[in-house]
Each structure stands twice: as C-alpha cells, then as structure tokens.
Amino acid sequence: MLSSSVDEGNESILQFAPFQSAVDEGFWHRLSSLKLNKLGIDESPIPITGYYAPSSHRQVSNHLTLLTESLPPESNEQSLEPVLSRGNRNRCPIPGILYNTNTLEGFQVLDKQSLLKAEAKKIWEDIISGKVQEDCSLLSRFLVISFADLKKWSFYYWFAFPALVLDPPATVVNLKPATQWFSKDEVESVTAACNDWRNMCSTTDVPFFLVSIPSNSAATIRHLAEFEACQRDGHKVLFGFYDPCHLPNNPGWPLRNFLWYIFRRWCLPKVQFFCYRESRGLADLESSLVGEASVSNSEELRNHENVPNAVGWELNNRGRKASRCISLAKTMDPNRLAVEAADLNLKLMRWRQLPSLNLTVLSSTRCLLLGAGTLGCQVSRMLMAWGVRKITFVDSGRVSMSNPLRQSLYTLDDCLNGGEFKAIAAAKSLSRIYPAVETQSVVMAIPMPGHPILSQDENSVLEDCKQLHNLIDSHDIAITAALGFDSFLVMRHGAGPLISSHEIKAEAVNDLSAEIATISLVGKNKGQRLGCYFCNDVVAPVDSTSNRTLDQQCTVTRPGLAPIASSLAVELLVGILHHPSGISAKAEFSSTIDTGGDQPLGILPHQVRGSLSQFSQMILVGHASASCTACSSIVVEEYEKRGLDFILEAINHPTYLEDLTGLTELMKSAGKFEVDWADETGDDDDEFSLI
C-alpha cells in the first residue's frame, strides 16, 4: 500500500508509486513480423527501447510505453538493436530486454526471479562502473517476457521494472509540493531553468539531473557529473528526475534506483530530491514534489559490493502479480488478418524446414491459367496456398449445374440465370477467399489448330489471338496438367528454341532462321532441350468438338484425380522458381541428385505420370522433337515470319502443321520402312516396323 500522506516534519518510510506499462498495437505487429520473418525459433533476448515522460496531468500518471520503433527493424541484418531517435520531449528512451518464448508453456515456466535478478545486476554494475553518470537512463532498465500466439493474434506478456532494495529502507521528511518548498524567487527560477532544459534537444530526454540553486536564487539544471562542482560552489543541490507519477504524496518508481546511485556514489546521509512534473508541456511546480530522503547506513552502502535484492514485477489490472493477455484479432481489419494468416504457414516453413524459401519471388510471380474448370480451380487454390498473389483466368465457358461439386471455386449461385462466366466467377471466388489476391478474368475462347472458323469470325478470332499472345508474353513458365479417366500427366515445358522474346534482335529473317535452327534442340545448359506437351505426338491437333457424344464432351475422370494433378503442377512450379537454373534446369530423378544440397525442395522432374487404378506414379523425361507441331524451330520460325496469317492457316487447315513439320511425309514413309534383324545363327528372321 502507498502512504496516503506525509506529515510535515515527521519521518516516515519512503514509498514509491509503481511504474505502469502500456503497449501500442504497432509493437505487437512488429514483433509478429520479426518473429516470422527473422527470428524464427530463436529465443535469444531482444534489446528493446521503452519511452516515458514526466507526468503531464494531475489525475493521470504517465506509462512506460512500447511502440513499433521499440523493436529493431527487420531490415537490420547486422544486429538486433532498436534504432534510437533522440530529442523528443515526450519520449525519454529507456533500455529494456525482451524474452519472447516459442510456446505458452515456455512462457509460464520462465524463471522470473532469476531474470529480474539478472537485470538488477546490470543496473548495479552500471552504478559501480560509472556508466550511469554517462547514460543515466540505465537506472531505469526494464524487462518484458512474452509469448506471441500468431495463430490467434493473442499476446501474453509481463513487465518488470527492477528496483534495488534499500535495507533498511529510506525515510522521508517534508515531502510537499515544490511551490511550498522553494521560495517565490526560486520557484520562478527553477521553473524557467526546467523549461529551458526541456526545450533543448540535447537534454529534453535526459531523465535524471541536478537542480543547482546559488545564493541569488538563479537556478540552473546540471548533469549528474557536475555534482562535485556544484558542491564546491556552495550551491543548494537537489537531485531531480522526470516523475511519471501524478500522486500528491508519493514519488514515482524511477527514484528508487536513483537513490541507490546517489547514496552509493556520494555517500550522502541525506538527499533532497525533486519530482519533476508538467502541465501542458511546461514545468508545473504545484504538482511537482520536493522531499528529503535519508538512510541510516550510507557508509555501509558505499562499501556494499554484493548485488542488492530487487523487486519490480508489475501487477496486472486486478492488482495481482500475474501476466496480462491482449487479443488483437477483434480489433484488426479482417482483410489484414487474412493477409497475415495466409502467409503464416509459409513463414513457419522458413523457421526450420525451408530457410531458403523465397516468399518475394512467389508473391511476385504472375500466373496465367488457361482454363477455369476442374484443374484451373484446384490449381488456383494451391497457388494461393504457396503465396502466389497474381492470378489471371482465361475461359469462355459458363458455370453449369454439374460444375460446383468438382470445381471448387463455384457454388449454386454461380449456376443460376444461365450461369456466370467461369473466368469471372473464379476471380470473384478467389477474392472472397483471400481479399489481397490480385486476380483478373478474361472471357475468351482460345482458338485451336484444326478447328476451322467462318470467314466472318476471322477478325474477332485474330483479336483474341493478339490478346492471348500478350497474356502469354507477360509470363515465363509453361506447365501442363492433363487428365484421363484414371490417369494424369503433369509436366513442365522446356525453355523453347528462343529463351525469351527480348533475345530476338532486329535482324534479317534469314539470320533469325539460322539462329533458331542452331539452338532449337539445345537448351541453355548445352544439353538436349526438354520437350513440350506436343513433342511426343505424331499428329497435329484436330477438331475435337464435332461429332462427340456427351461423355466425350465432358471431362469424365475419377474425382480424386484433379486435386492430385493440380497439387503436383503447383509443386513443380515452385520447384522451378527455386531452382538455380530455372526453366532451363535439366530433368532430374531421385537417383541423380542430393536433395540436401542447393535444392531443399528436392528433385525437379520433367514429367510426372500417374495412375489411380494402379496407385502408381512415374517420373519420365521427353526431349524436344524436331517435328513438334508446337515448339520445333520450323514452327517458331514460321510464326515469327508470318504472325497472324500463320495462326489463321493452322486453325483452318487441319494438316497444315503436319505438312510444315514433316510429320505427313514421316507417316507416309513409316509403312515402307523395314529393318531386317538377324541373330548370330541366322536361323530366324523377324520383321519389325521402326518409326
């Protein structure tokens, strides 16, 4: 209990008003980010900075406050030291230490008494070594223990303000308002001196000082190091401090360690102290207090070599010695909560399993999904789970009643009134799932080779082709996922005969042709280039929509197939983004790579083929074909030369691509090409057709 009054002239035990803490929400946000992005499972103590100021209201005490800048910034790779800004009269910086545990159980079993003693020892050592004279804020060191529940946005914490115990305790006489203690002239002089001290950037946040009053009452404020000089001059000296307490009969907590320092440093039996308080930014000597403290064993304190006992754990709001808990979930914007929660799993991966995970690369990757059906819906969900935040859907279909059960982005409402366009409905659904996603929808039918169009539709189809070209040109990686009834294929495309469009210089067509012919089958790593989805086909795409029964028009597959293929497709993408060679990486197998090296995500295959009927999966590789109707050098060369005319001919003439790439001649000659095989004895002759 605090004493309610101090009778003038009567000596009583000096009692102090405990420090009170306040934590700004920004501190918890910074701690959460620091924990996820930099600290991980490291429980090492973190240097922090607290801020306080003199009491500025006669009814309310000031708190020691933790702000966003109390913690070190994430960008500071060299040290975990907070960045201090000096010269703010409302923010006197005080050094502190934060122990943030990984679990609530760890928080609860912390040896709080040992931690308090450790911080008290630092204060004691700073007093003995003289560091306090250089930086008096060291007298108010503080301690915080915490646990951040980043799934629920709840924070458990407990402050301690270590105070060295005087034994026997100090006594006080004549504790009263400064206006009653000073003469009228001294009141005016001390008020002016304090205002000058507080108005100077170099001293405004120095919380401990001397009030020196000569015989002419012209008071000055001095640094602690000038005490001997003031004594030699015969001045009346008071030891002043910024008092956060507003109570009329009790000094604030900072005086406790200040008295220990004074008695230990100068061996004074009596000390006159000045509790400096303000009103509206100016010195308020009516609320400020002056008193005289004394100890009966000042000589013993001078020779005291052991660390004194310490107290200081803060009481909670109910007046009990216990921790506090704050939940920010209800006060946070739901969109912000969604953003923070969505990346939680990815950031936790970097703590132990995957420190090299590059979230910046993932969040900046632009994904174009050609098709917003069963696979497109599943792929988009997996992309968001991996941190991809830029997704564009291209589709011309509408949501039908049969879709929502298999296509996870749609609901019954999307099927009504003829059905919403899938691209639009998918984009809206992603935004509802995760508001921060940057999603676009393009309602467009993708023209297909071998599917002739009417002459009146040519202009609109060519405009679609231009738009599709621009969309694809703004992306870097091609991955295909295809489904059968109970089988699937997931593959990454090779880098292509031209690595990127910006490598195509303004050269003559013949030069370009020569360049393509030279490198069409050779990858960036000088090995054989990986093929695309069409490299293994010996026929060009044909009309796949006409004369089809219902089961041929719909995607009839086992329901579990699409999630498997979609997940593998996205995992393949993430592997490419983290591979040193990117899209030019060779095909890898489990027996060809040490997964513990530079590729923590493991191998990067070319093709994954799976069968649900056999519950099996194979890793295959297919190299680029010189006769591919999609990525061969002749096709790329023709497209570069003729542009949209080439596209139009490929659409309207089903055999054009086969003729262009030589597949037509190859198939004609296949039946005529025979190889005789004879064994060493020459007894049997077998005929084989080799294509």
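**Figure 1. Surroundings of Phe258 in the predicted model.** Leaving aside neighbours within four places in sequence, Phe258 is in contact with Leu139, Phe208, Phe209, Leu224, Phe239, Gly240 and Phe241. The structure shown here is a predicted model.

**Figure 2. The nonpolar cores.** The largest nonpolar core has 92 residues, and within this core Phe182, Phe258 and Phe274 touch the most other members. Helix H8, covering residues 254–266, gives the most to this core, contributing 8 residues.

**Figure 3. Helix H1 and its ends.** Helix H1 runs through residues 25–39. At the start of H1, the backbone nitrogen of Gly26 has a side-chain oxygen of Asp24 within 2.8 Å. After the helix comes Gly40, which has a positive phi, near 60 degrees.

**Figure 4. Burial along helix H1.** Helix H1 is mostly covered, with 11 of its 15 residues buried. Among them are the aromatic residues Phe27 and Trp28, together with His29. Leu31, Leu34, Leu36 and Leu39 are also buried in H1, as are Gly26, Ser32, Ser33 and Lys35. In general, an α-helix has 3.6 residues a turn, so residues three or four places apart point the same way.

Figure 5. How far is the sulfur of Cys535 from the closest cysteine sulfur? That closest sulfur belongs to Cys631 and lies 3.5 Å away, which is too far for a bond because a disulfide requires the two sulfur atoms to be within 2.5 Å. Cys535 counts as buried because its relative accessibility is 7%, under the 20% cut-off. Cys415 likewise has 7% relative accessibility and counts as buried. A search of the whole structure finds 0 disulfides.

**Figure 6. The protein as a setting for the close-up views.** The protein has 691 residues, of which 46% are buried. Its secondary structure comprises 22 helices and 26 strands. Among contacts between residues at least 6 apart in sequence, 71% join residues at least 24 apart. The protein exposes about 34600 Å², and carbon and sulfur atoms supply 50% of this area.

Key:
Residues are numbered from 1 along each chain as its sequence is written. This is a predicted model: local features need pLDDT of at least 70, side-chain atom pairs count only at pLDDT 80 or more; totals for chains, interfaces and linings use all residues. Side-chain values use heavy atoms; hydrogens and water are left out. Buried means under 20% relative accessible area, exposed over 50%, partly exposed in between (1.4 Å probe, protein chains only). Helices (H or I, at least four residues) and strands (E, at least two) are DSSP runs, numbered from the N terminus. The expected span of a helix is 1.5 Å times one less than its number of residues. A polar contact is a pair of N or O atoms within 3.5 Å; within protein, one must be able to donate a hydrogen and the other to accept it, and residues adjacent in sequence count only if both atoms are side-chain atoms. Contact means heavy atoms within 4.5 Å. Accessible areas come from the Shrake-Rupley method with a 1.4 Å probe; for residues, only the protein chains shown count as cover. A nonpolar core is a set of buried Ala, Val, Leu, Ile, Met, Phe, Trp, Tyr and Cys residues joined through side-chain atoms within 4.5 Å.
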